[in-house]
Amino acid sequence: MKKRIAIIGAGTCGPETEAVAERLGTLIARSGFDLVCGGRFGVQRAACKGAKAEGGLTIGILPGLDFAQANEFVDVPVLTGLGHMRNFLVVKNADVAVAIEGGAGTLSEIGLALKSGIPVVAVGRWSGIEGVHAASDADQAFALASSLVTR
């Protein structure tokens with residue numbers, strides 16, 4: 001089975017954060033990893049867009065029971081009906097998670113990943129959390145994440 005990298009982050013974001021997420025999605029697909037995310041908008045959509053541009057596979061773990069919740073770049077939408085509790089499934093379906101900004105939902109995913117032994121890399125806001133690997137940009141985040149997957 002191919003290795004997977006989860007992208008977690010803000011559901012709405014500005015152009016700078018969007019660019020980081022899209023670049024990260026591009027690098028993930030270009031290197032042969034599958035991308036897992038919450039399947040909706042903001043960071044998730046931008047990462048999926050980048051991955052799709054490189055022919056990558058995108059998996060969206062959706063909070064509800066409607067396939068229409070998925071952004072247009074999700075290949076495999078997974079319905080859960082779990083709302084925010086789906087955050088556990090997002091991180092558990094990956095070998096490493098990369099956080100890009102975000103709020104309480106992203107923080108919950110970071111905590112769930114760390115408690116589950118899944119490595120976390122963060123660009124921006126969450127990079128100071130104990131146990132999280134800090135990255136300054138998408139390229140450094142990808143380099144860290146891919147090295148953590150292959151260990």
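Guide: A residue counts as buried when its relative accessible area is under 20%, as exposed when that value is over 50%, and as partly exposed in between. With that cut-off in hand we can read this structure, which is a predicted model.

Visitor: Is Cys48 buried or exposed?

Guide: The relative accessibility of Cys48 is 0%, so Cys48 counts as buried. Cys37 is buried as well, again with a relative accessible area of 0%.

Visitor: How many disulfides does the structure hold?

Guide: The criterion is a pair of cysteine sulfur atoms within 2.5 Å, and by that criterion the structure holds zero disulfides. Cys37 is in no disulfide, and the nearest cysteine sulfur to its own, that of Cys48, is 3.5 Å away.

Visitor: What does Ala21 touch, leaving out residues up to four places away in sequence?

Guide: Ala21, which lies in helix H1 (residues 15-30), touches Val43, Ala46, Ala47 and Ile100 when those sequence neighbours are not counted; of these, Val43, Ala46 and Ala47 are among the buried residues of H2. Ala21 counts as buried, because its relative accessibility is 0%. The C-alpha atoms of Ala21 and Gly50 are separated by 7.7 Å, although the two residues are 29 residues apart along the chain.

Visitor: How should I read the length of a helix, and what span should the 12 residues of helix H4 have?

Guide: The expected span is 1.5 Å times one less than the number of residues. For helix H4 (residues 104-115), the 12 residues should therefore span 16 Å, and the C-alpha atoms at the ends of the helix are 16 Å apart, which agrees.

Visitor: Which residues of H4 are buried, and where do they fall when seen down the axis of the helix?

Guide: The general idea is that an α-helix has 3.6 residues a turn, so residues three or four places apart point the same way. In H4 the buried residues are Thr106, Glu109, Ile110 and Ala113. Seen down the axis of H4, these buried residues fall within an arc of 100 degrees, so they line one face of the helix. The face turned away from that buried side carries the exposed residues Ala104 and Lys115. What covers the buried residues of H4 includes strand E1 (4-9), helix H3 (87-92), strand E5 (96-100), strand E6 (120-123) and strand E7 (132-135). After H4 comes Gly117, with a positive phi near 80 degrees.

Visitor: Which residue's side chain meets that of Arg45 in a salt bridge?

Guide: The partner of Arg45 is Glu72, at 2.5 Å from N to O. Because Arg45 lies in helix H2 and Glu72 in the loop between E3 and strand E4 (76-78), the pair ties together parts 27 residues apart in sequence. Arg45 counts as partly exposed at 25% relative accessibility, and Glu72 counts as exposed at 52%.

Visitor: Where do Lys52 and Asp75 lie?

Guide: Lys52 lies in helix H2 and Asp75 in the loop between E3 and E4, so the pair ties together parts that are 23 residues apart in sequence. Their side chains meet in a salt bridge of 2.9 Å, N to O. Lys52 is partly exposed, with a relative accessible area of 29%, and Asp75 is partly exposed, with a relative accessible area of 34%.

Definitions and conventions: Residues numbered from 1 in each chain as written. Predicted model: local features only at pLDDT ≥ 70, side-chain atom pairs only at ≥ 80, totals over all residues. Heavy atoms only, no water. Helix = DSSP H or I, 4+ residues; strand = E, 2+ residues; numbered from the N terminus. Buried < 20%, exposed > 50% of the residue type's maximum accessible area, 1.4 Å probe, protein only. Arc of directions from axis to C-beta. Contact = heavy atoms within 4.5 Å. Salt bridge = Lys/Arg side-chain N within 4 Å of Asp/Glu carboxyl O.
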